[in-house]
Amino acid sequence: MNQPKISVVTWNGGFRESFHTVDFFANQTFSKEEYDFTWVEYYSKVSQPLKEKIDSIPNGKILCLERDGQWHAGQCMNAGVQDSEGELLVITDGDIA
């Protein structure tokens with residue numbers, strides 16, 4: 001029986017100071033082919049430390065919405081879901097421990 005592919009979606013609005021969520025999902029014990037990780041950035045600026053962390057993950061990516069105005073979590077979640085490839089979605093806040 002094949003395992004369903006899992007898509008993990010999390011988001012940011014340029015206000016996170018640490019990115020331990022990326023470390024948590026990058027250090028899973030199951031195969032990288034079984035899941036992908038998408039960090040949705042509401043604005044266009046992505047911090048260099050975050051970019052470096054996600055670039056080091058073979059199955060990680062950043063999706064920049066390049067929006068202006070007030071940050072909106074729902075728009076981030078919807079964009080991440082639309083961009084996902086997995087059969088099972090995990091939608092989590094960007095600062096879980």
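**View 1. The side chain of N59 and the backbone of Y35 in a predicted model.** In this predicted model, a polar atom of the N59 side chain lies 2.9 Å from the backbone oxygen of Y35. N59 belongs to the loop between α2 and β3. Its relative accessibility is 10%, so N59 counts as buried, the limit being under 20%. Leaving out residues up to four places away in sequence, N59 touches K32, Y35, D36 and F37.

**View 2. The largest nonpolar core.** This core has 13 residues. Those with the most contacts inside it are V8, F19, V22, F37, W39, L50 and I54. Another core, of eight residues, lies apart from it, and V9, V40, Y42 and C76 are among its members.

**View 3. The surroundings of F19.** F19 is one of the residues with the most contacts inside the largest nonpolar core. Its neighbours within four places in sequence are set aside here; beyond them, F19 is in contact with N12, W39, S47, L50 and K53. W39 and L50 are also listed among the residues with the most contacts inside this core.

**View 4. Strand β1 and the strands paired with it.** Seven of the seven residues of β1 are buried, so the strand is largely enclosed by the rest of the structure. I6, V8, T10 and N12 point one way from β1, whereas S7, V9 and W11 point the other way. β1 and β2 run parallel and are joined by seven bridges; T10 has W39 as its bridge partner in β2. β1 also runs parallel to β4 (residues 88-91), with four bridges between the two strands. In β4, V90 stands opposite V8.

View 5. With a relative accessible area of 0%, V9 is buried. Not counting residues up to four places away in sequence, V9 touches T38, V40, G80, V81, S84, V90, I91 and T92. One of these contacts, S84, is 75 residues from V9 along the chain, and the C-alpha atoms of V9 and S84 are separated by 7.9 Å.

**View 6. The two sides of helix α3.** Helix α3 comprises residues 73-83, and A73, C76, A79 and G80 are buried in it. Seen down the helix axis, the buried residues of α3 fall within an arc of 130°, so they line one face of the helix. These buried residues pack against β1, β2 and β3 (60-64). N78 and Q82, on the other side of α3, are exposed.

**View 7. The backbone at E66.** E66 lies in the loop between β3 and α3. Its phi is near 55°, a positive value in a residue other than glycine. Most residues other than glycine have a negative phi. The relative accessibility of E66 is 57%, so E66 counts as exposed, the limit being over 50%.

Technical notes: Residues numbered from 1 in each chain as written. Predicted model: local features only at pLDDT ≥ 70, side-chain atom pairs only at ≥ 80, totals over all residues. Heavy atoms only, no water. Core = buried A, V, L, I, M, F, W, Y, C linked by side-chain atoms within 4.5 Å. Buried < 20%, exposed > 50% of the residue type's maximum accessible area, 1.4 Å probe, protein only. Contact = heavy atoms within 4.5 Å. Arc of directions from axis to C-beta. Pairing = 2+ DSSP bridges. Polar contact = N/O pair within 3.5 Å; in protein donor to acceptor, adjacent residues only side chain to side chain.
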